[in-house]
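Here's a quick briefing to read with the structure open.

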Amino acid sequence: MNTFSPFTLSSLSSMGPELVLLSVGILLIVVDLFCKNRLLLPWLTAAGTLVALVLLFNTSSATVFGNMYIVDGYSVFFKMVCLVGVLFTVLLSERYLEIEKLHHGEYYSLLIFCTVGMMAMVSGGDLIVVYLGLELMALSAYCLVGLLKQDSRSNEASLKYFLMGAFSTGLLLYGISLIYGLTGTTDLSVLSERVVSLDLMNNHALLVGLGLVLVAFCFKLAAAPFHMWAPDVYEGAPSSITAFLAVAPKAAAFAVLGRVLIMGFGDVHIHWGPLIAFIAVLTMAIGNIAAIAQKSLKRMLAYSSVAHAGYALLGILAGNNEGLSATMNYLFIYAFMNMGAFAILIMLCDNKRRGEQLDDYRGLAKTNPLAAALMLVFLFSLAGIPPTAGFIGKFYLLVAAIHAGYIVTVVAAMVFSVVSAYYYLRVVRYMYFENAEQETAVSMSPGMTAALVLAMIGMVGMAIFPGPILSFAGKSLIGY
Amino acid sequence: MDFLILHDGWLPILSILMILPLAGAFLLFVIPGENFQKYWALGVTTVTAAVSLPLYFRFDSTTYKYQFGEHHSWIPALDVNYTLGIDGISLLLVLMTTLLMPLCVLCSWRYITTKVREFMFCLLLIETSMLGVFMALDFVFFYIVWEATLIPMFFLIGVWGGERKIYASIKFFLYTLAGSVLMLVAIIALYFNTDPHTFSIPLLMGQGYSSIFQKWVFVAFFLAFAIKVPMFPFHTWLPAAHVQAPTAGSVILASVLLKMGTYGFLRFCLPITPAATVTFTPFILWLSVAGILYGGFTALAQSDMKKLIAYSSVGHMGFVTLGIFVLNPIGLEGALLQMINHGITTGALFLCVGMIYERTHTRDLDLNAGVGQYMPVYVTFLAFFSLSSLAFPGTNSFIAEFMILAGGFAKSKLIATCAIPGAILAAAYMLRMLQKIVWGGTENPTHTGLSDLNTREIVTLAPLLLLVFWIGLAPKPFLNVMHASVAHLLEQVNGLQAGVAPMAKIMLP
Amino acid sequence: MEVIISSKPLVAMLCALFGAILVSLSGRKPNIRESWSVAAAVCMFGVIASMAPEVMAGNIYKYQLFDMLPGLSLTFRADAFSMIFAIVASFLWILAAFYSMGYMRGLQEHAQTRFNTCFALSLFGAIGVAFADNLFTLYLFYEIVSICTYPLVAHHQDEEGYSGARKYIVYLTTTAKGLLLPAMILIYVLTGSLDFADNIHTGIFPAGVSSVVVTILYICCLIGFAKNGLMPFHNWLPGAMVAPTPVSALLHAVAVVKVGVFSTTRVMLYVFGTDQMSALNLGVPTAYFVSFTIITASIIALTKDNLKARLAYSTVSQLAYIILGVALLTPNGIEGGLVHIANHAFAKITLFFCAGAIYVATRKKTISEMAGLGRTMPFTFAAFGIASLSMIGAPPVGGFVTKWKLLVGAMEMPAHSIGILLVLLASTLLNAAYFAPVTYRAFFGKRPVGETYEGIKEAPLSMVIPLMIAAIISVIIGIYPDFMMTFVNMVTQ
């Protein structure tokens with residue numbers, strides 16, 4: 001593994017998707033300068049994403065740049081999740097930006113750069129690359145969150161996100177340096193060997209380093225107790241970006257977490273296992289309980305997203321391939337259901353109201369039955385109630401966690417999932433059991449339709465045929 | 001797969017039974033006009049009922065194996081399969097479900113005035129999932145359909161319910177959801193404690209798990225099923241849900257959804273965790289007795305007819321759990337029969353309440369006092385169903401209660417004796433209701449202008465009345481299909497020899 | 001003894017059931033309705049009478065309608081024991097049908113269709129009890145009688161009617177559900193069957209069943225059949241007096257209390273059996289237990305001025321005779337008890353018919369108001385007098401046969417003969433004390449001041465004729481007791 005693989009052009013071919021996206025990002029800036037047709041931008045982005053997606057599956061596995069950049073099934077899977085997230089975001093943005101009068105060409109290019117950053121994170125075989133990708137992603141995201149310049153909430157969110165992000169980056173770097181100091185490497189595959197060969201399994205300094213890295217990632221995951229930024233940022237950010245943040249960067253952070261913990265520090269599982277268990281339970285508790293109190297659907301979904309990070313941690317917790325594939329599967333399903341819910345939220349957004357308050361959903365079933373029905377499916381799925389895909393995702397996580405012996409954690413997870421059912425049901429209640437105060441006019445756009453259809457197909461497909469995605473996730477891990 | 005007898009011929013009848021209502025539900029959205037939608041729902045449920053009938057005639061009652069089986073791989077990674085099959089325990093429940101659904105459509109004909117399409121959609125959806133519960137032989141699939149019943153029911157109560165519908169529907173949903181989440185944990189724990197790992201229900205039976213593990217699994221299952229049944233301390237969601245639900249919702253709730261709990265005991269608790277079952281038996285028996293008495297006393301104090309019947313359900317289901325946990329053939333068969341009976345009788349009583357509510361717009365006993373004078377046909381039906389509910393000899397409930405108590409006496413004279421006041425209470429509250437409705441007092445509210453039952457309503461009630469007497473007088477056709485499965489079940493629980501005539505075992509020392 | 005498989009017992013019952021259905025369907029035409037009643041009664045009696053010869057020849061009719069569980073079925077049997085009750089009940093129904101026609105029309109009562117329907121249904125239940133071949137069938141029809149007589153008791157739909165009916169149903173269903181049902185189930189668990197034994201001796205319990213359990217079961221049955229009016233569960237009976245008089249007649253003479261007594265004795269003899277009862281020494285305590293009822297009820301009857309109330313307590317007392325006789329467990333005692341089913345039925349129905357006739361004619365209810373009325377209504381009071389004699393046990397009326405047999409039966413048990421004899425003596429005196437004055441005053445008493453009985457004449461013929469017939473039959477079965485005694489003797493053989 002230590003053999004140095006020199007930089008060659010063929011190494012670049014392994015980075016096909018990233019390069020495509022990068023060029024699309026630059027192209028977007030150029031087009032924005034010279035072309036007045038605003039509609040061109042989203043479709044160009046979408047096309048670029050699709051091309052990247054296609055290329056993704058045609059790229060052969062490789063380890064390039066001297067173990068620094070790994071293209072394997074694992075990274076492909078997470079890249080897929082990220083790209084799906086971006087695709088959704090683009091489709092949703094088309095109309096949303098018009099409503100918010102957000103006419104910035106850089107919106108799409110930032111989105112693309114953010115994605116490239118995530119892909120770098122996911123493929124990072126070295127802590128330094130991970131760090132680089134993370135920063136690229138984070139810096140783009142800070143800007144995206146603050147794009148609504150007129151809205152003080154957006155500004156506040158951006159600043160908060162930036163400060164918190166910077167802080168967590170500091171912690172990450174400190175952690176990495178500690179690890180490097182002890183093991184002499186930042187290469188993840190070498191790291192695990194060194195931990196064993198240098199007998200660092202119980203070394204406190206290493207554990208502190210690992211802890212700091214963990215904390216940094218928990219910031220990114222918005223796992224409790226490092227989630228405080230999330231509700232404000234999610235609420236303040238443009239809705240499409242909120243949807244994006246809740247799915248793609250989170251998936252990328254999970255990918256890294258999985259790689260670092262299981263690949264780099266698999267042997268010290270006994271140390272980080274209980275910690276992750278504690279964080280998972282705490283995240284679920286805080287996310288779900290705080291969500292109950294929310295009056296704003298957007299904020300509620302923000303907390304719910306915190307809680308879902310807790311569920312997804314259950315798979316990491318297991319510390320084995322089974323758990324990791326369950327988490328991957330869950331994140332993929334979560335991308336669909338969360339995007340679906342945000343799609344409805346954005347759909348109900350018009351000039352008069354933002355579609356963010358629970359009251360906006362009063363009587364939706366009467367004024368717009370289709371939107372209500374779709375929202376219903378997404379909400380039940382988020383709540384993890386059979387027979388939705390959300391249940392399937394949760395089910396795998398539970399299987400993995402129980403297999404690893406974390407029965408108590410699982411029981412806690414189940415209890416909080418009942419709690420979560422309460423606030424999801426409350427939305428359903430508003431939509432179906434109460435009467436509308438005003439008529440809702442919903443204007444659809446092609447992008448929105450495409451997003452909803454895609455989300456729905458994903459939901460139904462994964463509910464009826466849950467096997468393929470899981471086996472795909474499982475297979476991604478085999479070469480790991 | 002030697003527990004499963006695959007269906008013969010090319011028609012997978014069980015899948016068809018599940019798909020028919022599901023497809024019918026989605027096709028509702030292309031059918032215009034409320035009337036057509038009603039007829040469509042009626043047609044779909046009737047066809048489903050008709051398709052289910054061959055199950056009985058082609059059922060082989062000599063074997064305990066699961067019949068009409070189907071087996072397809074679903075999630076290979078976890079060995080989750082789509083396995084269906086029915087045995088003597090589930091056969092009658094399946095038939096009862098399919099039979100009741102057309103009646104539920106019929107009774108909603110006038111009662112439901114808004115969102116007819118959505119209402120029928122929910123009805124058909126819930127039929128699919130209920131049938132799935134009784135047919136599933138794979139734990140994951142079972143859990144999915146088990147929980148899937150909640151969603152349509154949640155809407156049936158929440159959208160078409162009474163004044164406090166929101167409270168009732170959410171309470172119903174959360175309460176039952178909370179009960180069953182631990183079951184999921186137990187299911188997964190079972191999966192990993194079995195070698196090879198499997199979710200196949202029959203393969204999990206008789207595995208000889210360690211005693212402590214059995215206890216934990218039992219407790220998790222018990223919580224889920226006890227809430228569903230509902231057993232005594234877990235019953236509080238039931239009256240609220242019943243009172244607020246529309247008639248069809250109450251009927252489905254009482255007749256089928258509650259049975260899922262007792263079915264769960266029979267299908268899972270007993271054979272999978274036999275040692276824990278035996279350990280916990282005394283507690284459950286006493287809980288059952290408490291439920292019988294509590295349900296009876298509370299029902300006696302109600303002035304709302306639906307509440308009265310809801311609490312009577314608590315008592316009746318107490319008898320069912322009593323019968324199950326006496327763990328002898330006669331008690332078990334009685335419990336199984338009582339499950340069917342309760343479905344028929346209580347369903348019919350809820351239908352009756354719905355009919356009177358449509359006319360007088362109240363369910364209060366005092367406000368409905370003395371309608372018998374104006375609605376002789378109605379009170380005749382009501383009288384027969386009330387008698388059935390109080391286990392009048394010659395009606396269906398009597399035979400089942402007789403068997404349950406016989407099983408109870410064979411198990412413990414003390415417990416059976418303690419349950420006897422429940423029978424008296426049943427007579428008391430039912431006769432009280434009947435007296436009020438038929439006779440009232442000396443001064444009754446004026447009911448002039450009340451019309452008696454129309455043909456549709458008579459058609460709704462008549463099949464149930466027929467069953468009341470059929471089961472009450474000639475229960476053998478219903479009991480015969482159970483023998484093999486019940487004997488096998490007991491063999492799994494305490495090693496009783498299969499094939500022994502059920503009656504020979506009840507003798508006391 | 002030969003078993004004849006025949007549906008005749010069922011047919012007899014169906015007469016009443018179809019009668020009830022036809023009556024309820026022809027509610028708008030009173031004449032047709034009543035003729036259905038009468039036709040049903042006549043048919044039923046005809047079918048039952050047609051079985052008499054075979055039964056007298058020592059054969060038994062059996063018919064299994066439904067087989068439910070092993071050892072549990074809906075089966076009918078017509079043997080000598082059931083014939084005693086069946087013949088009496090079905091015959092009296094004919095009389096009662098005519099009588100109630102006159103009574104109800106005479107008083108222009110409401111809801112006559114319901115009344116007649118329930119009347120027929122009660123008979124359906126009563127005959128079902130008579131022909132029951134097992135405890136389950138017996139219990140089924142016992143409960144049918146309880147339910148179907150409820151509307152009859154509550155007929156007037158006033159406060160008094162409802163409270164009487166409530167008391168009625170509460171007593172009867174509580175005891176049936178609370179005592180009979182568990183007893184029945186426990187018997188089933190112990191023996192695996194509920195079928196009655198073929199004779200009165202063996203009972204159905206296998207050897208080795210705990211004697212404590214059997215004793216408890218026996219007590220449950222004795223008290224559980226609360227229709228037998230044993231104290232302390234007798235209170236429903238006076239309460240039910242609010243019903244129209246034909247109903248009281250029916251309750252007291254035919255359908256209800258007789259069902260109770262019949263069931264009690266049936267179970268004593270054919271479930272427990274004389275052997276078992278003697279072995280466990282259950283007979284004598286029972287005899288003393290019912291003696292308490294005999295004496296106490298008679299004393300209470302003395303205090304009642306209301307004629308129907310006095311008759312009600314008389315019934316409580318007389319029913320206990322029947323159980324007393326059977327509890328003696330000697331052939332003569334049993335015969336005396338059983339024949340009293342018939343004797344009491346004819347006499348008591350006469351008395352109630354008279355009370356009703358007096359009420360229809362004069363609207364009078366209390367005895368003190370009836371002084372001197374006998375001269376205005378001679379036939380009625382003559383019949384009353386005859387029936388009173390039967391109650392007292394004086395020859396040549398039916399009651400005498402009972403008393404004779406009971407006394408002989410008591411003598412057969414030397415150890416306790418004195419006690420039983422004293423009870424019988426005391427009760428005879430008491431009977432005389434509360435019955436004799438009624439007739440005496442009616443004929444020889446002074447009319448109350450200012451009372452002229454002007455415009456009062458005998459009740460309608462449809463009432464007087466039945467009550468005369470009943471009275472005459474009372475005399476006939478006193479002079480010629482053989483017909484009934486044939487059946488009774490066959491039981492004890």
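Start with Phe325(B): at 0% relative accessibility it counts as buried, where buried means under 20% relative accessible area, exposed over 50% and partly exposed in between, with a 1.4 Å probe and protein chains only. Bear in mind that this is a predicted model, where local features need pLDDT of at least 70, side-chain atom pairs count only at pLDDT 80 or more, and totals for chains, interfaces and linings use all residues. Residues are numbered from 1 along each chain as its sequence is written, chains are lettered from A and ligands numbered from 1 in the order in which they are written, and side-chain values use heavy atoms, with hydrogens and water left out.

**Aromatic pairs**

- Over all chains there are 88 aromatic pairs (Phe, Tyr and Trp rings, the six-membered one for Trp, with centres within 6.5 Å; planes under 30 degrees apart are stacked, over 60 edge-to-face, the rest tilted).
- Phe218(B) and Phe325(B) make an edge-to-face pair, because their ring centres sit 6.5 Å apart and their planes meet at 85°.
- That pair links distant parts of the chain, 107 residues apart: Phe218(B) is in helix α9 (residues 211-228) and Phe325(B) in helix α13 (residues 305-325) of chain B.
- Phe218(B) is buried as well, at 1% relative accessibility.
- Over in chain C, Tyr434(C) and Phe435(C) form a tilted pair, 4.9 Å centre to centre with 45° between the planes, and both are buried.

**Chain B overall**

- Chain B has 20 helices and three strands (DSSP runs numbered from the N terminus: H or I of at least four residues for helices, E of at least two for strands).
- Its radius of gyration is 22 Å, close to the 23 Å the globule rule gives for 509 residues, so chain B is as compact as a globular protein of that length (taken over C-alpha atoms; the rule is 2.2 Å times the number of residues to the power 0.38).
- Of the 509 residues of chain B, 68% count as buried.

**Chain A overall**

- Chain A has 20 helices and two strands.
- Along its principal axes, the C-alpha trace of chain A spans about 70 × 55 × 40 Å.
- Of the 480 residues of chain A, 67% count as buried.
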